[in-house]
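Student: I would like to go through a model with you, chain by chain. Could you show it first?

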Amino acid sequence: MDAIILQILNGLDKGSAYALIALGLTLIFGTLGVVNFAHGALFMLGAFCAVTLNALFTLSHQVIDPSRTDFLGNPLRVEIPYLVEWFGEATGNAIIDWSVPLSILIAIPVMAAIGLAMERGLIKHFYKRPHADQILVTFGLAIVLQQVVKYFYGANPIPMPAPDAFVGTYDFGVLLGFDPFSIMYPYWRLVYFLFSLVIIAAVFAFLRYTTFGMVVRAGMADRETVGLLGINIGRRFTIMFAIAAIVAGLAGVMYTPIVAPNYNMGMNFLVLSFVVVVVGGMGSLPGAVLAGFMLGILESFASMAAVIDIVPGINQVIIYLVAIVVLLVRPRGLMGRKGVMED
Amino acid sequence: MLGLNKKDTGLFLFVLALIVFAPFILNPFPESSDLARFNAGYPDLMQRFVIFGIFAIGFNILFGLTGYLSFGHAAFLGVGSYAGVWMMKLLTVNIVPALIAAIVVAGIFSLVIGYICLRRSGIYFSILTLAFAQMSFALAYSVLTPITAGETGLQLSLADPRILEAANASGTIPAANFFGLEMRSGFDWAVGDWVFTFNFGYYLCAVFMLIAFYISIRIFRSPFGMMLRAVKSNQQRMGYTGLNSKPYMLAAFVISGMYAGLAGGLMVAVDPLAGADRMFWTASGEVVLMTILGGVGTLLGPVLGAGMIKYFENIFSRLNESDLNALFGFLPDFIQAPLVTVAQMFVGDGWLMTLGLMFMLIVIFLPGGLLEGVQRLGALVSRKKKTNEPSQPAAAPAE
Amino acid sequence: MTLIRKPLSRRSVLRAGAAGGALLATPTIFTSRAWAQSYTNEPTGSTVTLGFNVPQSGVYADEGADQLRAYELAVEHINGEGDGGMMNTFSSKALKGNGILGKKVVYVTGDTQTKTDAARASARSMIEKDGAIMITGGSSSGPAVAVQALCQEAGVIFMAGLTHANDTTGKDRRANGFRHFFNSYMSGAALAPVLKNAYGADRNAYYLTADYNWGYTTEQAISEATEAIGWNTVNKVLTPLGAGDFSSYIAPVLQSGADTLVLVHYGGDMVNSLTNAVQFGLREAQANGKDFQIVVPLFSRLMARGAGENIKGIFGSTNWHWSLQDEGSQAFTRSFGQKYGFPPSQAAHTVYCQTLLYADACERAGTFNPCGVVEALEDFEFDGLGNGKTLYRAEDHQCFKDVLVVKGKENPTSEFDLLEIVEITPAEQVTYPHDHPQFAGGALGTCNPGA
């Protein structure tokens, strides 16, 4: 039982990332009708916002320590971060320690700017073009973005520790009445799950309870009529693109302590998140979230040793298998509308 | 000729000429010039051009005619490759059984997958094909290692039975051949400062590509092709007329799967190793890109697209800093140094960057793909000749 | 008219020849067998071309970049530029610093993309287009095995780069291929005694294994070696390549009754699985009344950097580390460090050695003919390349040398100082018979000079 609860937690955690990316993809697709293959790259860019901020915080100047030597036998140069120098040991190190959460503040404007630039500069010209063209151009963009990041940060993963306060595990078992130490779960993963819930709720609330959101939803349902009413729906859709970029970026920022970011992380999520979107049903926001968590949990179950022993290799293919079954049983995914992307 | 109309005959002869004279066309630069780095006329790359040409032609029969975007076609290529290597291991290194097995196995595999996936359309179809291909890749890489050799790739070994061949005690694995003619045999021809390489493996693949190209023209012009086009323009209306489009779709899917299988078989015929990587989703994506880049639904486009992507992958990725220094060596130092630094972002490990930018530029400015670019150029030239004639409408953007 | 500015390719010969008679209108036809070549890509000009085939894109791109640096350095040293590096400490003194057999060494580079197909394509173009006489490089076993087979067919020498799976010199060994790097079996044989000392003979190990060839052979090697010292294997779970988040594999470990986790992962997977294991508190955990321990069979400093703090105190094995105090290692580190500003990785070291070994073998054989080179390298004993006395065994073309057991350093003094050497396991202890079951099923065949 405790093993199953552990895997549910793992699944929710994985599902959080899937759901956030799929949510953004669906927002873009639902509003602009564009298949964005660069969405994984936006997730990756978010993660590198955190890496960049951390690098900025740890900018340092070198002090020569004659008592120690480096690998060539020269006197060792010790790096002292400016932050430590300006704010003192304690405050400076605390700021560096909290760089990942602080990156959220940077990531929001940066990702919004990237989103706006992408939409205005590129995507705008592709509304009326075939989906295949959209895929090609955004895929090209994704490759370029990846290469730029690789050029500056290299190909190896870059460790991004969570703040000390969130290091360690929480004994979930005690809460549920199990023996102590039976269900230990890392704090930061719990934070990630809660964070994604907050973001998802915020997006839904924004669409549901603000005038802006209502217009957007109306536009998603029938763009032409909304346009005839004299509403500049195009501008609102542009803003939705920026919001989708922010969601992907934040998902990336908070993900860095879980898996060390590298330039290729977006591509790994891209295919999976498309599967998630389609299983959820093209254009359905609740569908995307539901499918994200569902596939996350199923993936976790499939990776239990007991399951692999029975069906070898199931952990490798579970997501695709589920996708096939869902699509054969429910032609438009879990919650898809008729006629969307079927031609 | 051969049941083709005049225009198609011209096209076919054009491709024939391209293929026959490829060793000259691809080696335009003299050996001693710095530009010789951009020569592509060596056997491996020439073989790749035509093999991926076959793959893209086949893919275009499905995607170009019916509009069904399969995102899992690499699986058929991979299955064909594995079947081919197994034939070479079990029967003989003569490539004929390998090619037959590759086509047959890929055909059966695509029949099964096509039957399931064609129950859905649009992006749902794409994701279904993607899912099958990714499953094939994941299993081939891991669980199926005894059959596929997983990570290292399936290859020939001295201990293979090769039951149709005489016992071999020479300590070397016999080379793949076509009734005794080795795939890697050939000769070089030196003319002044130029060297042109003629390779048997290439010409054999090229013959297959010509056949593939011819069949594809016939399909495009046949009632069957019309039927497939009808599916693309409006499947629903077709259904109302009482026609069941499913068998036609399935036939197109299987044909294009067999093309992929042939390509996979030829790949192992010229280079006997089958790796799981060629089934990865990026490989499936690559053939989509080739087709779109060249011009979807056109006969020649996919071949051009395949050539372009393979050229970038094989030539640009191999340039390094010293190559650049040599290339820009004629410039003064203060220009050369920054130029080399910038250019380095685009070659060597940055070749993907070049490819990505190329995708974007072509899709943005040439929606119909490379072929549209060629046609526009052609229109430009002919307009210059007859200024009074109204300009030709560009090729209808492919969908 | 013969400005031979590109000192490349077998065609340079032809070029020189053709240039003389270029005015003759009749083209000359050469068939490949009428080349008057006795072996593939015989260098007849003033240069000899080597092909450096490394991953430049994909997950091992940083290793590939470090290898390229080492290759450049090796070429410099062979051509007599720079400070000579390990050429000065190398026990064989055949190399004179005037290239190989008097020919200047030039090179071409390519991208393996860590894929078998791309690696083969790149290697083939080096052989067919650029006239490379030797191919070397790679950062994983799949491409290494694939390219080795290709070189055997084409008739050139393959000097493997970083490849650790047993198969490279086991099941898939080839006469034209040589491996300097150590392998899975050696990791197991070197690690087991150290682990016994550190953690005792009574341990229950849980394996998370990368689900592909290298994972299988390494898991087998480590589990056989540790079971021999009394450890018990609780479970072996296969994980998909590039899983990213390993939480669902790590989480059940603590409840399994295991007290040791062996992470048979390399590269990005190793970084992620180790990070996840630390996140889940395995390092602080207690099991069976003992401190829970993690072991990583194959360490790489470049990867250790990605894992950050998590690596501290964790045992693993490695082929070479720059902090070694012998003359050769120090000379190499100095030479590399002065040129690039940071110490070399094990990937860089092994390819530097391979290049030097190849050049030296050609000198000693007096020819570039692959069969001559093979003969010169087989059962060649040498010293001074950083791993102590080393033997290139004739039966499987595997190097036998000391293996390092290392541990993540507790107090690193710099970003490069991440591993500390715990023990230098002598070569005798990691030597195995060439027909050992873990290596069975292969045959070298005979050397192939091509042409």
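Student: What pLDDT does chain B average?

Tutor: Chain B averages 86, and 95% of the residues score at least 70. Here pLDDT is the predictor's confidence in each residue, from 0 to 100.

Student: Where in chain B is confidence lowest and highest?

Tutor: Confidence in chain B is lowest in helix α13(B) (residues 321-327), with a mean of 79, and highest in helix α5(B) (residues 95-117), at 95. Helices (H or I, at least four residues) and strands (E, at least two) are DSSP runs, numbered from the N terminus. Over residues 388-399 of chain B, the pLDDT is below 50, and this stretch has 22 contacts in the model beyond near neighbours in sequence. Two residues are in contact if their C-beta atoms, placed from the backbone, lie within 7 Å. Where pLDDT is low, the predicted coordinates should not be read in detail.

Student: How many helices and strands does chain B have?

Tutor: Chain B has 16 helices and six strands. Its C-alpha trace spans about 70 × 65 × 40 Å along the principal axes.

Student: Why does the radius of gyration of chain B agree with a compact globule?

Tutor: A compact globule with 399 residues would have a radius of gyration near 21 Å, and chain B has 22 Å, which agrees. The radius is taken over C-alpha atoms, and the globule rule is 2.2 Å times the number of residues to the power 0.38.

Student: What percentage of chain B counts as buried?

Tutor: Of the 399 residues of chain B, 56% count as buried. A residue is buried if 20 or more other C-beta atoms lie within 10 Å of its own, exposed if 12 or fewer, and partly exposed in between, with C-beta atoms placed from the backbone. Among contacts in chain B with a separation of 6 or more, 73% are between residues 24 or more positions apart.

Student: Turning to the interfaces, how many residues of chain A are in contact with chain B?

Tutor: 33 residues of chain A are in contact with 34 residues of chain B. On the chain A side, α5 (131-153), α11 (265-280) and α14 (314-329) each supply at least two residues. The largest share, 11 residues, comes from α5(A). By class, this side has 24 nonpolar, five polar and four charged residues. Ala, Val, Leu, Ile, Met, Phe, Trp, Tyr, Cys and Pro count as nonpolar, Asp, Glu, Lys and Arg as charged, and the others, Gly among them, as polar.

Student: And which residue classes make up the side of chain B that touches chain C?

Tutor: In that interface, 47 residues of chain B are in contact with 53 residues of chain C. The chain B side has 18 nonpolar, 17 polar and 12 charged residues.

Student: How is chain C divided into domains?

Tutor: Chain C is divided into domain 1 (47-182 + 322-398) and domain 2 (185-318), with bounds from an automatic or database domain assignment. The centres of the two domains, taken over C-alpha atoms, are separated by 30 Å. The contact takes 13 residues from domain 1 of chain C and 14 residues from domain 2 of chain C. On the domain 1 side, the largest share, three residues, comes from helix α2(C) (residues 61-78).

Student: Is strand β4 of chain C covered on one face or both?

Tutor: Both faces of β4(C) (residues 134-137) are covered: Met134(C) and Thr136(C) on one side, and Ile135(C) and Gly137(C) on the other, are all buried. Strand β2(C) (residues 47-54) is joined to β4(C) by three bridges and runs parallel. Two strands pair if DSSP finds at least two bridges between them. β4(C) also pairs with β5(C) (residues 157-160) in the parallel sense, over four bridges, and Gly137(C) has Ala160(C) as its bridge partner in β5(C).

Student: Which strands form the open sheet of three?

Tutor: The order in that open sheet is β14-β15-β16 (chain C), with antiparallel pairing. Since β14 (380-382) and β16 (399-400) of chain C stand at the edges, each with a single partner strand, one side of each is left without a neighbour in the sheet. Phe382(C) has Thr390(C) as its bridge partner in β15(C).

Technical notes:
Residues are numbered from 1 along each chain as its sequence is written. Chains are lettered from A and ligands numbered from 1 in the order in which they are written. This is a predicted model: local features need pLDDT of at least 70, side-chain atom pairs count only at pLDDT 80 or more; totals for chains, interfaces and linings use all residues.
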